[in-house]
Amino acid sequence: MGTGRIKKNTLRAKMLGILMLCAMTSLLAAGIVSYMALRMIQNDSIEDNMKMYLDQITRNTDGAYYDMLSIMNYMGPGGLVGNVTDSYLGATDNFDRFIEQRTLREEMAGLGYVNTKLVGVMYYDREEKKELISGMNVRALDGSHASLPEVVECAGNVIQAAHSSILGSGEEPVFSVMREVVFGNGKRLDVYAEIEADMKTPEEINKAGRPYTYIQTDERRITRYSTNPVIIQGQKLFSTTLSKGDYQVETREGYKIMAYRSQMGYINAVVLPDNMYQNEINHWRMRMTLIIVASFLIFALSVFYLYRIICRPLNQFRRQMVQIGNGALQAVHEESDIAEFDSLMREVEQMKCQIENLISNMVEKEKSIQKTEYEKLIYQINPHFLLNTLNSVQWMAQMSCQRDISEFVQRLKKLLSYNLGKEGSQTTLRMELEIVKEYIALQQMRYDFVIEMHIEDGDYLDQPTVRMLFQPLVENAIRYGLGDDEKISIQVFEDVARHLAVVTISDSGKGLTQEEIDEINQPFDYDWEYRKNENRGIGLRYVKAMLESFYDGQTSLFVNSRKGSGTRITILLPIRDLTEQKGKDTEVTLEEDKVGQADERIDR
């Protein structure tokens with residue numbers, strides 16, 4: 001009876017769901033943090049509130065000072081009130097003086113109608129130490145206005161800091177401006193005006209009811225007015241200069257201070273206890289910390305769940321791999337909650353079957369390899385037997401005092417040993433030159449020809465190169481290139497400027513036509529069966545192919561010949577860094593030592 005397979009959620013679906021949950025949680029947390037940050041910035045930011053309060057005070061203060069500066073212009077010579085004052089001072093008749101004084105009183109009283117916050121305004125005669133016109137204000141001016149703290153001086157106007165009124169009846173702070181003027185009759189008077197100082201915090205700015213205090217300093221940052229109980233008049237507020245229009249925040253003596261320098265030059269500052277500021281910051285940090293911790297917990301739980309659904313099947317997979325490594329290939333059926341892992345476990349079971357088949361095949365192949373090695377050993381007996389036989393012939397020649405035969409056999413044995421690979425798989429230019437000298441010596445015992453060899457000694461001769469580089473070319477020269485003078489020339493030298501080793505082999509034979517040169521340059525798959533001399537060019541093509549393979553196409557081989565003028569082969573070999581070939585050079589040295597030791601044994 002068949003059973004239906006339960007449809008399982010895929011790993012992709014579960015991971016997608018978990019990642020979506022984490023993403024939504026992160027977005028939600030980011031949204032909450034952003035909302036709270038915006039709310040704090042817009043509504044509950046202490047620094048913003050301090051800045052708005054400071055801007056409000058500065059606007060009120062600037063407005064008050066500018067109004068009083070306008071009053072100074074009105075009351076100065078040439079001003080609307082100043083002209084009446086000039087007439088009053090110039091009147092000589094008592095009646096005229098009475099009329100001018102009444103007019104002056106009306107003009108000065110009218111200034112209060114224009115600016116309702118004006119506390120009082122008066123002319124003061126320093127010489128007579130009295131007001132020019134008495135009875136205009138609640139309190140008479142007594143000269144103390146000259147000693148009030150000033151914050152800045154502008155165009156002859158002394159702008160004074162906030163202080164208690166000396167003209168009005170209340171104790172509320174006022175701002176004042178004083179100016180010394182000289183009228184037409186030479187009379188020198190002080191013009192003095194006061195305006196109410198509006199330093200109250202608007203309710204829409206200070207909804208939390210924070211206990212702000214106010215400080216006003218002069219251009220040198222010396223406190224001239226303060227409602228703070230710790231920072232009093234006469235103290236220097238900041239150590240660094242504040243430019244016009246700039247803000248500065250500083251913590252001092254348990255208070256957070258924010259200052260702003262007006263375009264007029266004086267500095268306003270609002271002060272808040274630092275513990276209240278820190279409490280707000282701590283509350284903000286606590287809320288942010290709770291949100292971050294909650295988000296992290298949700299993320300950690302999601303990661304843990306993801307770890308569980310992935311690592312449990314992976315542990316099952318690891319156990320299967322360990323069992324396979326120990327050679328246990330029995331079928332084991334394990335299921336998980338994820339379709340991908342179930343599919344993977346089925347693949348593992350199939351892999352077990354394949355491994356069993358591979359093991360069987362490997363056993364059969366091992367047997368076949370052993371058989372092949374045995375046959376190979378048998379085939380290697382023939383070259384080995386040939387070298388041993390040559391050793392015996394050389395020994396017999398020496399015993400018979402046949403020195404020429406012994407030398408011939410020794411050269412032949414060395415050449416065969418090298419060509420059969422008994423001296424190692426790698427060689428150098430120096431080793432190739434030594435072997436070709438042995439080959440030439442053997443050929444000179446058969447043929448009568450002259451060989452000229454010019455070898456420039458140097459480290460470049462220790463460069464690794466291909467085996468059988470010179471012998472096929474020299475063999476071609478002896479076979480086809482011995483002309484009337486029967487001379488062959490070999491030159492090997494180093495082109496230092498181009499980092500090349502240059503090899504030239506020249507003969508004085510009949511030479512080649514261009515068609516014959518093109519045919520020789522063809523690769524091994526070229527069809528040579530139709531030619532009478534079917535072996536012609538095989539050695540040259542072999543050398544060219546081996547050079548292309550060994551030097552990765554970085555070498556060049558040129559055939560220069562002309563019919564009746566002989567042939568010259570030129571080979572350009574790149575010179576490589578010998579430090580990279582240190583291991584190869586050592587191997588070549590060992591090969592040369594082996595050849596020398598074999599010769600010594602034969603001589604003995």
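Hi everyone, let me start with a pair of side chains: Arg224 and Asp218 form a salt bridge, with their closest N and O atoms 3.0 Å apart. Both of these residues are buried. Before I go on, please keep in mind that what we have here is a predicted model.

How many salt bridges does the structure hold? The count is 15. As a reminder, side chains of opposite charge can pair when their charged atoms come close.

Another one joins Glu516 and Lys563, where the closest N and O atoms are 4.0 Å apart. Glu516 sits in helix 10, residues 514-520, while Lys563 is in the loop between strand 17 (556-561) and strand 18 (567-574), so this pair ties together parts that are 47 residues apart in sequence. Is Glu516 buried or exposed? Its relative accessible area is 19%, and buried means under 20%, so Glu516 counts as buried.

Now for a group of charged residues. Asp125, Glu128, Lys130 and Lys187 are linked in a network of salt bridges. Within it, the side chains of Glu128 and Lys130 meet at 3.5 Å, N to O. Lys130 is partly exposed, at 45% relative accessibility, and Glu128 is also partly exposed, at 45%.

A disulfide is a covalent bond between the sulfur atoms of two cysteines. How many disulfides turn up in a search of the whole structure? The search finds zero. As for individual cysteines, Cys154 is partly exposed at 36% relative accessibility, and Cys353 is partly exposed too, with a relative accessible area of 45%.

Let me finish with a sheet. Strands of a sheet pair through backbone hydrogen bonds, either parallel or antiparallel. Here we have an open sheet of five strands in the order 13-15-16-18-17, and the pairing is mixed. Which strands stand at the edges? They are strand 13 (450-455) and strand 17; each has a single partner strand, so one side of each is left without a neighbour in the sheet. From one strand to the next, the twist averages 10°.

Strand 13 runs parallel to strand 15, residues 487-495, and six bridges join the two.

Notes: Residues are numbered from 1 along each chain as its sequence is written. This is a predicted model: local features need pLDDT of at least 70, side-chain atom pairs count only at pLDDT 80 or more; totals for chains, interfaces and linings use all residues. Side-chain values use heavy atoms; hydrogens and water are left out. A disulfide is a pair of cysteine sulfur atoms within 2.5 Å. Buried means under 20% relative accessible area, exposed over 50%, partly exposed in between (1.4 Å probe, protein chains only). Helices (H or I, at least four residues) and strands (E, at least two) are DSSP runs, numbered from the N terminus. Two strands pair if DSSP finds at least two bridges between them. Axes are lines fitted to C-alpha atoms, for helices over the stretch in contact, and angles run from 0 to 180 degrees between N-to-C directions.
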